[in-house]
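Please look at the sequence and the structure shown below. The paragraphs that follow lead through them step by step.

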Amino acid sequence: MTLETKTKLSDATLASLQELIHINVDSRDTFQELADGTTNASVAIMFRELASERNRNVAELEALLNSNQAKPNETGTFAAACHRILISLRSTLGAGTTAMLDEAESAEDKIQKKYEEILTRDPGSAVSDILHRQYGGVRVAHDRVRAIRDAHRRAN
């Protein structure tokens, strides 16, 4: 068994990074769709900020793959693409800000679970520090979206 380093990652770790790229792309694209679909300017700004955060995660994960001569695949999943179509349809049909926040929290649940799965599966990988930091950002974003959604529900 060889010692794993950030520039010599195992195939399993590289596969995990690719999974996280996919879910971050899904999350980024969902936040962009949600930002376009809400009429609430402050919520739209938050969604765009979170999309940017996910984009930074993607870039960081891709850099790890590149430094290991692995080709990143920056595509989202078919299921997430279908979900974004549903968001667009709901927005077109007049779904309000609370509905958009519900969609955001649902998406945040998925990315949070994926990070938890990978951190549990590969606890001692050479990139654990990066993944834990990104996971911390995902948790903060999830809590922020939930708090704003709950406050919006109470106000309406």
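The model is predicted, with local features requiring pLDDT of at least 70 and side-chain atom pairs counting only at pLDDT 80 or more, while totals for chains, interfaces and linings use all residues. Residues are numbered from 1 along each chain as its sequence is written, and side-chain values use heavy atoms, with hydrogens and water left out.

Helix α2 covers residues 41–66 and helix α4 residues 97–121; helices are DSSP runs (H or I, at least four residues), numbered from the N terminus. Their axes come within 12 Å and cross at roughly 20°. Axes are lines fitted to C-alpha atoms, for helices over the stretch in contact, and angles run from 0 to 180 degrees between N-to-C directions. The two helices are therefore roughly parallel to each other, a term for angles under 35 degrees.

From α2, the residues V43, M46, F47, R54, N57 and L61 make the contact, and from α4, T97, M100, L101, A104, E108, I111 and Y115; contact means heavy atoms within 4.5 Å. These residues divide into 9 nonpolar, 2 polar and 2 charged. Here Ala, Val, Leu, Ile, Met, Phe, Trp, Tyr, Cys and Pro count as nonpolar, Asp, Glu, Lys and Arg as charged, and the others, Gly among them, as polar.

The interior comes next. In soluble globular proteins, nonpolar side chains tend to be buried together. A nonpolar core is a set of buried Ala, Val, Leu, Ile, Met, Phe, Trp, Tyr and Cys residues joined through side-chain atoms within 4.5 Å, where buried means under 20% relative accessible area (1.4 Å probe, protein chains only). The largest core has 22 residues, of which L17, L20, L61, Y115 and L131 touch the most other members. Two or more residues each come from α1 (11–37), α2, α4 and α5 (128–155), and α1 gives the most, with 6 residues.

Finally, consider the loop between α2 and α3, where Q69 is found. Phi of Q69 is near 55°, a positive value in a residue other than glycine. At 71% relative accessibility, Q69 counts as exposed, that is, over 50%. N73 is found in this loop between α2 and α3 as well; at 36%, N73 counts as partly exposed, the class between buried and exposed.

Definitions and conventions. Angles under 35 degrees count as roughly parallel, over 145 as roughly antiparallel, 65 to 115 as roughly perpendicular and the rest as oblique.
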